[in-house]
Amino acid sequence: MTRRMKLLIAAGIGIAVIAGTKAYAFQADAAGQLRGSGLVGEQADGYLGLVSGSAPANVRAQMESINIQRRAAYTQLASTRGATIEEVAAATACQIFAGRVAPNQYYRLTDGVWRRRNGSEPVPRPGHCG
Amino acid sequence: MERITATLLAAALAAGLSGCVSVAAPERPIEINLNITIRQEVVVRLQRDAQELIQNNPGVF
């Protein structure tokens, strides 16, 4: 990776963080609203994913915006903990699966299958959570 | 003299061999397995940090 590329990535993350802060000012629970729509669910990799391929463009855009903010947050934590971004993301997925997926919302484990949380049944945790 | 030559030869051979080992690219499957082993530990160790990350970023999680 060249120095220029690194700078570009750093700038991109910076912009994403600023954009994320701005978005937060308008939508306090953007991720929860997306999950509640049933079009977007939580994945074992620590990011949101599209449950159905036919989601409207604005839903996709919101999802991508949140995923960029997540990646920025994961990147920051990874650098201070000597872990990879993927490790931080996977660790966060454990917490998301344990506490953020509400009844009837969707989640996807490493098998790639979307499942809907049935009532108040607990959401299974991804295998890497230990 | 013969002994010295033999020693030198052995040394050169060893240097050559170690050179081969260090230059050769690590095989990918081994690298991946290593990462998985580390991953599990790190993921478990990061749980508290992950919880704080979620709490400090409302709307993102």
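**Figure 1. Secondary structure of chain A.** Chain A holds four helices and four strands; helices here are DSSP runs of H or I with at least four residues, strands are runs of E with at least two, and both are numbered from the N terminus. Along the sequence, the elements of chain A follow the pattern α-α-β-β-α-α-β-β. This is a predicted model, in which local features need pLDDT of at least 70, side-chain atom pairs count only at pLDDT 80 or more, and totals for chains, interfaces and linings use all residues. Residues are numbered from 1 along each chain as its sequence is written, while chains are lettered from A and ligands numbered from 1 in the order in which they are written. Of the 130 residues in chain A, 34% are buried. A residue counts as buried if 20 or more other C-beta atoms lie within 10 Å of its own, as exposed if 12 or fewer do, and as partly exposed in between, with C-beta atoms placed from the backbone.

**Figure 2. The open sheet of chain A.** Four strands of chain A form this sheet in the order 2-1-3-4, with mixed pairing. Two strands pair if DSSP finds at least two bridges between them. Strand 2 (48–50) and strand 4 (114–116) of chain A each have a single partner strand, so one side of each is left without a neighbour in the sheet. Neighbouring strands are turned by 40 degrees against each other on average, direction ignored. Strand 3 (residues 106–108) and strand 4 of chain A pair in the antiparallel sense over three bridges. Y106(A) has R116(A) in strand 4 of chain A as its bridge partner.

**Figure 3. Helix 2 and helix 3 of chain A.** The axes of these two helices come within 10 Å and cross at roughly 135 degrees. Axes are lines fitted to C-alpha atoms, for helices over the stretch in contact, and angles run from 0 to 180 degrees between N-to-C directions. Helix 2 and helix 3 of chain A are therefore oblique to each other; angles under 35 degrees count as roughly parallel, over 145 as roughly antiparallel, 65 to 115 as roughly perpendicular and the rest as oblique. Helix 2 of chain A contributes A30(A), A31(A), L34(A) and S37(A) to the contact, and helix 3 of chain A contributes V59(A), Q62(A), M63(A) and I66(A). Two residues are in contact if their C-beta atoms, placed from the backbone, lie within 7 Å. Six residues of this contact are nonpolar, two are polar and none is charged. Ala, Val, Leu, Ile, Met, Phe, Trp, Tyr, Cys and Pro count as nonpolar, Asp, Glu, Lys and Arg as charged, and the others, Gly among them, as polar.

**Figure 4. Where chain A meets chain B.** In this view, 26 residues of chain A are in contact with 17 residues of chain B. Helix 1 (3–26), helix 2 (30–37), helix 3 (57–81) and helix 4 (85–99) of chain A each supply at least two residues of the side that touches chain B. Helix 4 of chain A gives the most, with eight residues. The side of chain A that touches chain B has 14 nonpolar, seven polar and five charged residues.

**Figure 5. D49(B) in chain B.** Chain B has three helices and zero strands. D49(B) is found in helix 3 (residues 47–56) of chain B. D49(B) has 18 other C-beta atoms within 10 Å and is partly exposed. Leaving out residues up to four places away in sequence, D49(B) touches L77(A) and R81(A).
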